[in-house]
Amino acid sequence: MTTQVIVLNGGSSSGKSGIVRCLQAVLPDPWLALGTDTLVEAMPASMQTSDAGIEFAPDGEVIVGPEFRTLEAAWIEGVAAMARAGARVIVDEVFLGGAGSQQRWQKALGGLRVLWVGVRCDGAVAAGREVARGDRTIGMAASQADVVHQGVVYDLEVDTAQAESMACARTIAVHVE
């Protein structure tokens, strides 16, 4: 069975988006890139001003409420449906709940061939990228660098503090069947 979904999990500013773009360039087949940022951008602005939605606290903490979780569940099922319909999908995710987040994805992606990839990046390096980006709440990168990997099981891990996005993408591509 060929790989149908690649799930990249890492904290904010860990380098996932760069790896996704490089994977799309090096993999022989077309792959859709979808992720948590896409989901948040698709939500109405009111979701970012409601306790039931998603809140980005001044210290970088991300707090999600029940309405966000409902939409997220539908989103995850939708991504799985696209893969089942024949699309090859790269998911750019931030497992704020560690193993619990992975379990939600595992349930939805049941029966599909998935490559689970941990995107590691030293918190200080990610924090520097966060400042340079200018579009993230300061503190998110450092607070997420380790917590998103707690209890998560991977097929493969890459470290963007040690290797550029293209090198990481090539390492991942070798494991795609």
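Analyst: Gly-11 is buried because its relative accessible area is 3%, under the 20% cut-off. The model is predicted. Gly-11 sits in the loop between strand E1 and helix H1. What does Gly-11 touch, beyond residues up to four places away in sequence? The partners are Lys-16, Val-94, Gln-144 and Val-148. Lys-16 belongs to H1, which spans residues 16-26. Pro-28 makes a contrast. Gly-11 and Pro-28 are 17 residues apart in sequence. Their C-alpha atoms are 27 Å apart in space.

Ser-13 lies in the loop between E1 (5-9) and H1 as well. Is Ser-13 buried or exposed? With 5% relative accessibility, Ser-13 counts as buried. Its backbone deserves a look too. Most residues other than glycine have a negative phi. Ser-13 has a positive phi, near 65°, and is not a glycine.

Thr-3 is buried, since its relative accessible area is 1%. The side chain of Thr-3 reaches the backbone nitrogen of Glu-177, at 3.1 Å. Beyond residues up to four places away in sequence, Thr-3 touches Trp-31, Arg-88, Arg-113, Leu-115, His-175, Val-176 and Glu-177.

Now go forward into H1. Two packed helices are described by the angle between their axes and the distance between the axes. H1 and helix H7 (residues 165-174) have axes that come within 8 Å. The two axes cross at roughly 55°. That angle is why H1 counts as oblique to H7. The crossing of H1 past H7 is right-handed. Which residues meet? H1 supplies Gly-18, Ile-19, Cys-22, Leu-23 and Val-26. H7 supplies Ser-165, Met-166, Cys-168, Ala-169, Ile-172 and Ala-173. By class, the contact has nine nonpolar residues, two polar and no charged ones. An α-helix has 3.6 residues a turn, so residues three or four places apart point the same way. In H1, the contact residues include Ile-19, Cys-22 and Val-26.

Met-47 is buried, because its relative accessible area is 4%. Not counting residues up to four places away in sequence, Met-47 touches Gly-53, Ile-54, Glu-67, Phe-68 and Leu-71. Met-47 and Glu-67 are 20 residues apart along the chain, and their C-alpha atoms are separated by 8.0 Å.

H3 has a helix partner too. H3 passes H4 in a right-handed crossing. On the H3 side, the contact is made by Arg-69, Glu-72, Trp-75, Ile-76, Glu-77, Val-79, Ala-80 and Arg-84. On the H4 side, the contact residues are Arg-104, Trp-105 and Ala-108. By class, this contact has six nonpolar, no polar and five charged residues.

Ser-101 counts as buried because its relative accessibility is 5%. Lys-107 is exposed, since its relative accessible area is 72%. A polar atom of the Ser-101 side chain lies 3.0 Å from the backbone nitrogen of Gly-97. Ser-101 is also in contact with Phe-95 and Leu-96, leaving aside neighbours within four places in sequence. Lys-107 and Ile-76 are 31 residues apart in sequence, and 9.6 Å apart from C-alpha to C-alpha.

One last stop is helix H5, residues 123-133. How do its ends look? Asp-122 caps the N-terminal end of H5. A side-chain oxygen of Asp-122 lies 3.0 Å from the backbone nitrogen of Ala-124. Just after H5 comes Gly-134, with a positive phi of about 75°.

Note on methods. Residues are numbered from 1 along each chain as its sequence is written. This is a predicted model: local features need pLDDT of at least 70, side-chain atom pairs count only at pLDDT 80 or more; totals for chains, interfaces and linings use all residues. Side-chain values use heavy atoms; hydrogens and water are left out. A crossing is left-handed if the near helix is turned anticlockwise from the far one by less than a right angle, and right-handed if clockwise. Helices (H or I, at least four residues) and strands (E, at least two) are DSSP runs, numbered from the N terminus. Contact means heavy atoms within 4.5 Å. Ala, Val, Leu, Ile, Met, Phe, Trp, Tyr, Cys and Pro count as nonpolar, Asp, Glu, Lys and Arg as charged, and the others, Gly among them, as polar. Buried means under 20% relative accessible area, exposed over 50%, partly exposed in between (1.4 Å probe, protein chains only). A polar contact is a pair of N or O atoms within 3.5 Å; within protein, one must be able to donate a hydrogen and the other to accept it, and residues adjacent in sequence count only if both atoms are side-chain atoms. Axes are lines fitted to C-alpha atoms, for helices over the stretch in contact, and angles run from 0 to 180 degrees between N-to-C directions. Angles under 35 degrees count as roughly parallel, over 145 as roughly antiparallel, 65 to 115 as roughly perpendicular and the rest as oblique.
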